[in-house]
Amino acid sequence: MARTDYDVVIIGSGVGGLTCASLLSKEGLRVLVLEQSHRIGGCCSNYDHEGFKPDVGAVFVIGHEMYYKLFELLGLRLEDYLEYRLIDPVYDTILDDGTRVLLPRDVDEMAEVVGSISPADVEGYYSYCADMQKIFDVYRAALDVPMPSLAEVSRPAYLGKVAARREQLPAFPVNAWLATRTLDRVVNRYFSDDRIRLMFGWENLYAALPAHRCTGLLSNVTYMGRMGYYYPKGGMISIPKALRRIMERFGGEIRFSTPVEKILVRNGRAEGVRLADGTEISAGAVISNAHSRTTYLDLVGEQHLPYAVRRAVKNQPCSIPAPTFYMGLKQKMDSVRAHFTVLLTERHKFDNVWYEYYDKGLLYRPDDAAFLVSCASHDDPDLAPAGKQVLSVIYIAPYRLKYHRWDDIADEWAWECISSLDRRAFPGLCENVDWMDSVTPVELERRLRLPEGAFFGLEMSGGNMGPFRPNYRSRCVKGLYLTGQCTNPGGGVPLVMLSGIAASSMLVNDLAAGQT
Amino acid sequence: MKSSLKMLALLLLAAGAVGYLMGVRLDEERRGRVMKLLSEAREMPFRVFV
Ligand SMILES: Cc1cc2nc3c(=O)[nH]c(=O)nc-3n(C[C@H](O)[C@H](O)[C@H](O)COP(=O)(O)OP(=O)(O)OC[C@H]3O[C@@H](n4cnc5c(N)ncnc54)[C@H](O)[C@@H]3O)c2cc1C
């Protein structure tokens, strides 16, 4: 067989791409990562505006056990590469009626907060915790199974061992119940007060779906906050940076500002890539970390796709976008009391956002909007100039607007939102803003080459998960593999790591069998 | 055989009519959700080939 330039070319330096790059370099393969942007990390990154370094995309570490599993597979100690801090309190929560509470991580302290708002819900809260703990135990137990070699990770023997853990049994009825309910129904069962329901029912936004469309299984995301959200020193970009160091240590290479224009497909197999400047790089296999739509329709090209694939890729819905605006503040504000501040509206307004506004392509009044405000410099002061603060504000808005163009209203809209934040949470904010950058869904799409600026790539609903999400090993182009949030299990840094592990494992097995 | 086919056709027709009537009665939001579910169900089989 002719010698190729590299064994594996990876398109994109998101967490998925870098997970593959580090694992495959460790296996001794010649790996090259090509990243279109000048920065590493894709949706888990940051940028630097005169010392203000807001997180771009991911804002905290959830499910950090998965990070440890990746390092276990790499044969390295996570502590040598990343330094985490626990985020506690988890949220400063502000409700429409003026209620403002710090939500602590500790289960019992949280019960006191619940009791101070609605004494009747304390019992429901403890029963919620007991049920969620069962599920959490399953997750922990699965992760307790020692990692085998990379090749074995995707083999039935190992997967069987993980699935057959005893802890599955007590959690089965709860899991079955959650899986057959929507999130709003689950939350309503445990809690009676609308304010408490809202506090336990908004984190479905991390799945980028409204509560009435999203699986009840997600109710344990809120519980995971009780188990700990973490923040790495240096910001979220420390995670891809750590993976890059590992990859380079094992001999892998990375090139920035190098967009891939085409995946070279001959006789139904991927043989390398062509860059925007026309250079061709040959490879034994290609892994794409780009969105599945970009990978198949733009990089592979429709002419290489059978009808069913073309149709599926074109019609698969993207998740909701995650428009964000970033702010550098002239002075630290005492009203920023926690790493995260969440502003929620009355429950009916919150529910209406989806149907009355989002689905119709409308923007709601900022005063009726929910916001997640993240202050990166709260846990790591080095992420803002001395005495100053940096904030990222994530909100819900549709990609397609009925009456406006995002580019025309980006700044005006962000300032309206900032005025609302000033009134509802941070008095004096408007005058305190030194610098602001409004990244609308359209801008997110441009900067990250992320179709529709989609939070989690593809929707994470039943019809887009499991066998209905794009495969790690392409079914129509030999030698092409996909990793990242558009594959299983979906969006979120730890899940994307899992996808990187699975794709790399399959590739290694295919190489051993001479099947790429 | 023929009569069972007729029966089946009749049943399908009746189910279609009931479905239609229920659909007409749904408020706009619910109808939107049902339409979305139906279109998802139509597309799902194609997704397993990707
Ligand atoms: C606003 C927001 C907040 C989030 N918050 C959290 C959170 O708090 N915690 C959490 O765990 N997850 C969070 N997520 C989700 C998480 O960030 C993503 O699921 C994850 O980072 C996606 O990683 P990925 O590897 O799949 O893809 P991406 O990060 O999208 O990486 C793809 C990479 O490919 C590159 N690329 C694309 N096309 C080409 C091309 N043609 N040539 C070369 N390179 C190309 C892109 O530039 C990009 O770097 C958040 C996401 C968003 C958007």
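Is A:Tyr357 buried, partly exposed or exposed?

Guide: A:Tyr357 is partly exposed, with a relative accessible area of 29%, where buried means under 20%, exposed over 50% and partly exposed in between, for a 1.4 Å probe and protein chains only. This is a predicted model, in which local features need pLDDT of at least 70 and side-chain atom pairs count only at pLDDT 80 or more, while totals for chains, interfaces and linings use all residues. Residues are numbered from 1 along each chain as its sequence is written, chains are lettered from A and ligands numbered from 1 in the order in which they are written, and side-chain values use heavy atoms, with hydrogens and water left out.

Over all chains, the structure holds 29 aromatic pairs, a pair being rings of Phe, Tyr and Trp (its six-membered ring) whose centres lie within 6.5 Å, with planes under 30 degrees apart counted as stacked, over 60 as edge-to-face and the rest as tilted. The rings of A:Phe191 and A:Phe200 are stacked, because their centres are 4.5 Å apart and their planes stand at 25°; A:Phe191 is buried at 2% relative accessible area, and A:Phe200 is buried at 1%. A:Tyr357, in turn, forms an edge-to-face pair with A:Tyr364, 6.0 Å from centre to centre and with 85° between the planes, and A:Tyr364 is buried, its relative accessible area being 4%.

A:Phe191 and A:Phe200 also belong to a cluster linked by ring pairs, whose members include A:Trp177 and A:Tyr190. The charged end of A:Arg189 sits over the ring of A:Trp177, 4.6 Å from its centre, and over the ring of A:Tyr190, 5.0 Å from its centre, which requires NZ of Lys or CZ of Arg within 6 Å of the ring centre and within 35 degrees of the ring normal.
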